[in-house]
Amino acid sequence: MPKNLSKIAKTKKIKYFLISFVDLFGVLRSKLVPAQAISEMQKDGAGFAGFATWLDMTPADSDMFGVPDPDSLIQLPWNKEIGWLASDLYMDGKPVKASPRIMLKEQIKKLSQKKLQMKSGVECEYFLISEDGHSLADKRDIQSKPCYDQSALMRRYDLIKEICDCMLEMGWKPYQNDHEDANGQFEMNWDYSDSLITADRHVFFKFMVKSLAEKHGLRATFMPKPFSNLTGNGCHAHVSVWNGKINKFLDNKDQLGLSKLAYNFLGGIMNNTQALSAFFNPTINSYRRINAPPTKSGATWSPSSISYTGNNRTHMIRIPDKGRFELRLMDGSANPYLLQAGIIAAGLEGINKKLNPGKPLHCNMYEDYKKYPKLKKLPNDINQAISMLQNSKALLKAFGTDVIKSYIKLKNSEIKNFKARNVFNKRKPVSQWEKDNTLDC
Ligand SMILES: [Mg+2]
């Protein structure tokens with residue numbers, strides 16, 4: 001029996017529900033529904049006009065319904081009257097295939113047919129900036145190596161503590177908070193979980209950080225590269241694949257602690273990385289972060305070539321510990337559902353075709369990249385990423401041609417809008433268009 005939201009509302013004194021969904025551009029959209037109407041909505045969903053969002057629909061299409069997933073319910077720790085719900089989109093009684101949460105669920109289903117489950121954790125970096133987006137909020141945060149700076153961290157204690165308290169209350173098991181490598185940049189970590197739970201939490205985390213920052217008179221941004229001279233906002237993912245309580249990525253006898261299955265999965269990721277950049281680095285601004293010139297701190301901490309290694313942060317994939325790997329390609333604008341869906345789709349191809357990722361490299365890739373001219377490079381801008389997605393047989397097959405077509409159509413319309421008045425140049429300052437369209441990503 002699914003949880004009865006109406007009963008839960010009475011017990012937990014929830015007055016309103018936010019029935020939400022994320023569109024293909026990662027925008028979180030909702031209806032605020034009074035608790036007395038939640039029974040109907042739990043059955044039929046909340047109605048939306050799909051064309052009004054970033055989904056490939058027309059004004060003539062039928063209403064789209066967001067059917068809430070009761071398991072995703074979160075009572076806002078900072079406003080207990082409100083219950084937040086992730087929903088799955090339906091139209092004319094069928095799931096909307098080109099919608100991110102459905103796309104992820106489809107990949108999860110395929111993986112589960114092999115009796116496998118992906119677990120993941122995400123590291124969402126963000127900046128605290130001024131309301132207008134022009135400068136950092138903390139004028140004193142100017143060190144050239146500000147990573148882990150205690151004073152700058154503690155000047156934001158009230159906000160960081162409030163966010164961390166919320167995570168503790170929600171049972172996410174947060175374990176550390178720090179000032180990151182760019183001035184004004186922070187990261188907060190919580191425990192890994194099933195990929196759908198992590199995706200829902202990722203969506204909620206961004207909403208929570210932005211909301212609480214506003215409450216403290218600040219603005220939080222997950223934009224990949226809001227300041228061209230500073231390290232960008234990454235969104236690294238730690239990945240492992242399980243069968244029940246057994247980590248199928250773990251092999252204690254292997255030098256890096258990974259199983260054959262893990263190497264095949266890795267092979268799939270490396271084989272599809274260029275095309276996956278369209279999901280992992282989906283904005284025009286994303287490409288200021290990868291293949292980027294060194295930042296003020298000395299390193300971009302983001303990859304440019306497709307390679308993997310042991311515990312070494314200069315490669316795209318790091319194996320920091322036995323039984324998992326860290327994919328360092330994604331940035332703060334990545335759609336939380338497509339991020340997870342892309343990993344599973346590529347990993348599945350690797351498993352099915354027993355792909356070999358080759359030997360790990362143990363060099364400092366930031367300095368030694370010239371010694372490896374044959375390594376595949378990451379796309380240099382969004383156009384390249386989109387055309388690689390368009391030509392990716394594996395991803396067209398994994399998601400369906402129509403779904404990928406819808407995504408590309410919308411992305412191309414966005415690129416056209418940008419190009420009408422701008423030229424992308426990562427050596428020039430961040431454009432106003434990028435700020436207007438990405439600061440609140
Ligand atoms: Mg980090």
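Predicted model: local features only at pLDDT ≥ 70, side-chain atom pairs only at ≥ 80, totals over all residues.

Biologist: Fine. Which residues of H7 meet which residues of H10?

Modeller: On the H7 side you have Gln-274, Ala-275, Ser-277 and Ala-278, and they meet Ala-385, Ile-386, Met-388 and Leu-389 in H10. By class, that contact has six nonpolar residues, two polar ones and no charged ones.

Biologist: And at what angle do H7 and H10 pack?

Modeller: About 120 degrees, with the axes 7 Å apart. H7 covers residues 260–280, and the crossing with H10 is left-handed.

Biologist: What about H10 and H12, roughly parallel or antiparallel?

Modeller: Roughly antiparallel. Helix H10 (382–390) and helix H12 (401–419) pack at about 160 degrees, and angles over 145 count as roughly antiparallel. Their axes are 11 Å apart, and H10 passes H12 in a left-handed crossing.

Biologist: OK, strands now. Is S1 largely enclosed or open, and why?

Modeller: Largely enclosed by the rest of the structure, because six of its seven residues (16–22) are buried.

Biologist: Which strands does S1 join, and how do they run?

Modeller: S1 joins S6 (residues 82–91) through five bridges, and those two run parallel. Seven bridges join S1 to S2 (residues 28–34), and that pair is antiparallel.

Biologist: What does the hairpin of S1 and S2 look like between the strands?

Modeller: There are five residues between the strands, and Gly-26 takes a positive phi near 85 degrees.

Biologist: Where else do you get a positive phi, in residues that aren't glycine?

Modeller: Lys-173 is one of them, with a phi of about 55 degrees. Lys-173 is in the loop between helix H5 (157–170) and strand S9 (174–179). Another is Lys-354, at about 50 degrees, in the loop between H8 (336–353) and H9 (365–368).

Biologist: Is Lys-173 buried or exposed? And Lys-354?

Modeller: Lys-173 is exposed, with 12 other C-beta atoms within 10 Å. Lys-354 counts as exposed too, with 12 C-beta neighbours inside 10 Å. The cut-off for exposed is 12 or fewer.

Biologist: Last one: Met-118. Where does Met-118 lie, and is it buried or exposed?

Modeller: Met-118 lies in strand S8 (residues 117–129). With 24 C-beta neighbours inside 10 Å, Met-118 counts as buried.

Biologist: What does Met-118 touch, leaving out residues up to four places away in sequence?

Modeller: Leu-111, Ser-195, Val-239, Val-241, Ile-343 and Ile-344. Look at Ser-240 as well: Met-118 and Ser-240 are 122 residues apart along the chain, and their C-alpha atoms are separated by 5.9 Å.

Conventions:
Residues numbered from 1 in each chain as written. Buried ≥ 20, exposed ≤ 12 C-beta atoms within 10 Å, placed from the backbone. Helix = DSSP H or I, 4+ residues; strand = E, 2+ residues; numbered from the N terminus. Pairing = 2+ DSSP bridges. Axes fitted to C-alpha atoms, helices over the stretch in contact; angles between N-to-C directions. Parallel < 35°, antiparallel > 145°, perpendicular 65-115°, else oblique. Left-handed = near helix turned anticlockwise from the far one by under 90°. Contact = placed C-beta atoms within 7 Å. Nonpolar A, V, L, I, M, F, W, Y, C, P; charged D, E, K, R; others polar.
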